[in-house]
Amino acid sequence: MTKSFSHLDALEAESIYIFREAAAQFSKSVLLYSIGKDSTVLLHLARKAFFPQKPPFPLLHVDTGWKFRDMIEFRDKTVRDLGLDLIVHRNEDGAARGIDPVSYAPSLYTDVMKTQGLKQALERYGFNGAIGGARRDEEASRAKERIFSFRSANHRWDARKQRSEMWNLLNGRLGTGETVRIFPLSNWTERDVWRYVRRERLAVVPLYMAAERPTILRNGQLLMLDDGRLPLQPGERVVNRKIRFRTLGCWPLTAAVESESEDLESVVTETLAATTSERQGRLIDHDQTGAMERKKQEGYF
Amino acid sequence: MSAVAQKSNMHGYEQLTSQPIANLDNATIAHPDRLDAIVRVLTCGSVDDGKSTLIGRLLWDASDLPDDTRATINRSVDADGVPDVSLLVDGLVAEREQGITIDIAWRYFDAGHRRYVIIDSPGHEQYTRNMATGASHADVAIMLIDARHGVKRQTRRHAAILDLMGVRRVILAVNKMDLIIWSEEKFRAIERDFQQLVRRFNFIEAAAIPVAAKRGDNVARRSDQAPWYHGQTLIERLSEVSNRDTAINAPFRFPVQSIIRDGLDFRGLSGTVATGSIQVGKSVQLNNSGATARIRRIVTMDGDLDIAVAGNAVVLQLDADYDVSRGAILAEAVQPPIYAQSLQARLVWLAETPLDTDHGLLIRTSTDLTPVSSLSVTAKLDLETLAENPATICLPNDVFLADISTSRPIAIDRFSDVSETGCFVLVDALSGSTLACGVVVQAHEHVLKHPSARPSFTLSVAQLEREICAGLSSSSDEFHRRANAVARILESAGLSVDIKRD
Ligand SMILES: Nc1nc2c(ncn2[C@@H]2O[C@H](COP(=O)(O)OP(=O)(O)OP(=O)(O)O)[C@@H](O)[C@H]2O)c(=O)[nH]1
């Protein structure tokens, strides 16, 4: 007999199906790898989708230069252990102009270093299918997102021009100049991602687990100091606190939570019982209402 | 009952609390490690019937909303202390600015041992296509109506679309019961109208439930306003509805997605079992020539399986190298699909512009994409009378019948036999956009000669290698790019093009 199909089995199978459709329909695909838990799950599913073959596309990390050091270390180890190709792209022009999250508004910084950086990389290598880990449960504009999300020649997202997706038929036929973002985790929730990390015993960046780390309190949010680049404001004190992260972005823009969960098991238990939404930790999303929708229109994945 | 005291206020309503009532009763299983099922629920209703409020209520009373979200919504209480839960269902800025709902939205929540996926689709006539899209994914549909207005033309339209797209379970939520003072008589009359209406369709479940979404009566919490109602609350009904489990009992279908290779020795076919099941050692039919092969291995990264069932994503290794590629559907010889070159189908026109039969069209069925050599509209379906009126053109949001022939045989089923492999979308060959979706009513193995059949053209790989792709390997990206470019130019001139390896 077969074991009964759980919801994670169904989600896993759906994601694998999407990966295989993407690889079959787009001549040049890439997996957008941002090192966090969603990327970890995404990469694991990609390996399952093509096993015993390796995933037939490289990984792309759009590096802003402000990722936690632990993240970069984790990224390099993962790629080495699995024998995968990794492309690291940085918006050199933005970096040369000194666009950083310390002196610029989060929205401008994200636009230059992430959105523009992503577009540059896709264009430089001629990728027409970019696979990302976005989920529909993250935010209102994501809730309307397709699995194959079409972008115009300048990478813009137009909610009104998205193709209807019926049954499980995925139409990836490209019009002139179009590219596609592919979202295999569309129907997963944050809790599913953690349930799956636990079920599959996936290694994640240690920052998800609680440890004593140097922090400051700013605007009611706990920030961790990863290096000396964030100038302290008057009255701010560096305090060692036992913290962890629910979501990982650029370090000055990602808030931590105090936690006692030191191992994966307790992190998952804590997350399953959490009563605040994950995006609370993402300062860029609080920038203004409709921020994600606007970022998407401009080409953010 | 939950531990929270439920006293009555002056209006006779239960005192509302900000706590998720369903979770209080079963807090220990609020987030089990494993959920048994994913149930996809389409909500459809006309503007103002209270769809946002109803979805908001389900989220508010039956799911575990984050505290920060609860706090925000609790700032919007009205004079009676009722929070405006419809605010949980906010849309895009673009939609708010234009005062319209552009698109279906997907929402997720867990209750008991189930994951619910709420597919929220705008109900207005001009959004037939959105409703059809939502319905194609739904296990069950909640049809929402305003108790004051009862069953309307719109309700019939919605039922017709649900039926067309293969939804077999519906729930009629008769909302705003408070505005008809919870009259049993009026509710029963609506229920009778509804039962009359659904008799014309193929639903296997159609229950009516009296609710008041605004305060949550009979949504996730039994109302004390209708002692005469002994049926289930909405969430009770949803917790028992079965999802599409019929797939396992249907004949075996395995649409091939790609070829997976590992070194010289391993060549497997990747895909997800659409319906039925297959075991190692069984024989499968590969194509319309009747060629068969045996299953040697069922491969996954977690180890080989002995049997794969509907929903499993696997790689099948056959007992020898056969010429099978993406687009093929493996089946059992006793119940094969139809290898059709002409079909009769019911379609929903999704595009913003009317059908233009001079345009190059492609048909996507399972994992196959095939040029359409002719398409002729034969009738338009009137969604209110369900009459099929002769027609030759079709406009956006129309539901119509058409005869379609393809440039080569495709493996397909009648939708009523195997819905998973009996549906398709039509694709604009040039722009790539999805123009229509359809379900197969009838399929024929032979070609129907049709006067307006579009001339078809076969580009051979050898020819491409000699001419425009000289010097390029036929597996290279550039070869594909050029071949597709040529095909597109020919297709835009109205030819149906097929690229063939000789
Ligand atoms: N009296 C009463 N009013 C209700 C009830 N449910 C919803 N309403 C009201 O009906 C109106 C429309 O509700 P919405 O939830 O915005 O309905 P909708 O227009 O179907 O939703 P969308 O089209 O998705 O925006 C609002 O003023 C609600 O407060 C109910 O049970 N009783």
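Contact here means heavy atoms within 4.5 Å. By that criterion, His7(A), Leu8(A), Asp9(A), Leu11(A) and Glu12(A) of helix H1 in chain A meet Asp192(A), Arg195(A), Tyr196(A) and Arg199(A) of H6(A). The model is predicted. H6(A) spans residues 190-199, and its axis lies 11 Å from that of H1(A). The two helices pack at about 95°. At that angle, H1(A) counts as roughly perpendicular to H6(A), because the range for that class is 65 to 115 degrees.

H1(A) also packs on helix H2 of chain A, residues 37-50. Here the axes come within 9 Å and cross at roughly 70°. H1(A) is therefore roughly perpendicular to H2(A). On the H1(A) side, the contact involves Glu12(A), Ser15(A), Ile16(A), Phe19(A), Arg20(A) and Ala23(A). H2(A) contributes Leu42(A), Leu45(A), Ala46(A), Lys48(A), Ala49(A) and Phe50(A).

The largest nonpolar core has 161 residues. Phe19(A), Leu162(B) and Met165(B) have the most contacts inside this core. H1(A), residues 7-25, gives the most to the core, with eight residues. Another core, of 26 residues, lies apart from the largest one. Its members include Ala340(B), Ile410(B), Leu426(B) and Ala443(B). Beyond four places in sequence, Leu162(B) touches Leu42(B), Cys44(B), Met131(B), Ala135(B), Ala141(B), Met143(B), Val167(B), Val170(B) and Phe203(B).

Chain B holds 10 helices and 24 strands. Of its 502 residues, 56% are buried. Among contacts in chain B between residues at least 6 apart in sequence, 70% join residues at least 24 apart.

Six strands of chain B form an open sheet in the order E2-E3-E1-E4-E5-E6. The pairing is mixed. Strands E2 (105-111) and E6 (205-210) of chain B stand at the edges with a single partner strand each, so one side of each has no neighbour in the sheet. Neighbouring strands are turned by 25° against each other on average, direction ignored. E5(B), residues 169-175, pairs with E6(B) in the parallel sense over six bridges. Within this pair, Ala173(B) stands opposite Ile209(B). Helix H6 of chain B, residues 153-164, lies across E1 (37-44), E4 (140-146) and E5 of chain B. H6(B) runs at about 175° to E4(B).

Elsewhere in chain B, helix H3 covers residues 67-74, and its buried residues are Asp68(B), Arg70(B) and Ile73(B). These buried residues pack against helix H2 (51-62) of chain B.

Arg218(A) has Gln221(A) in E8(A) as its bridge partner. The hairpin of E7(A) and E8(A) has two residues between the strands. Asn219(A) in this hairpin takes a positive phi near 50°. E8(A) is also joined to strand E10 (residues 255-258) of chain A by two bridges, again antiparallel. There, Leu222(A) stands opposite Ala256(A).

The peptide bond from Phe51(A) to Pro52(A) is cis, with omega near 5°. Pro52(A) lies in the loop between H2 and strand E2 (59-62) of chain A. Phe51(A) is in contact with Thr300(B). Thr300(B) also contacts Leu305(B), Ala313(B) and Val314(B), its neighbours within four places in sequence left aside.

Thr300(B) is placed in the loop between strands E12 (292-299) and E13 (307-309) of chain B. Its relative accessibility is 16%, so Thr300(B) counts as buried under the 20% cut-off. The side chain of Thr300(B) reaches the backbone nitrogen of Asp302(B) at 3.1 Å. A polar atom of that side chain also lies 2.7 Å from the backbone oxygen of Gly303(B).

Lys176(B) is found in the loop between E5 and helix H7 (184-198) of chain B. Asn218(B) sits in the loop between E6 and helix H8 (234-240) of chain B. At 1% relative accessibility, Asn218(B) is buried.

Terms used:
Residues are numbered from 1 along each chain as its sequence is written. Chains are lettered from A and ligands numbered from 1 in the order in which they are written. This is a predicted model: local features need pLDDT of at least 70, side-chain atom pairs count only at pLDDT 80 or more; totals for chains, interfaces and linings use all residues. Side-chain values use heavy atoms; hydrogens and water are left out. A nonpolar core is a set of buried Ala, Val, Leu, Ile, Met, Phe, Trp, Tyr and Cys residues joined through side-chain atoms within 4.5 Å. Buried means under 20% relative accessible area, exposed over 50%, partly exposed in between (1.4 Å probe, protein chains only). Helices (H or I, at least four residues) and strands (E, at least two) are DSSP runs, numbered from the N terminus. A polar contact is a pair of N or O atoms within 3.5 Å; within protein, one must be able to donate a hydrogen and the other to accept it, and residues adjacent in sequence count only if both atoms are side-chain atoms. Two strands pair if DSSP finds at least two bridges between them. Axes are lines fitted to C-alpha atoms, for helices over the stretch in contact, and angles run from 0 to 180 degrees between N-to-C directions. Angles under 35 degrees count as roughly parallel, over 145 as roughly antiparallel, 65 to 115 as roughly perpendicular and the rest as oblique.
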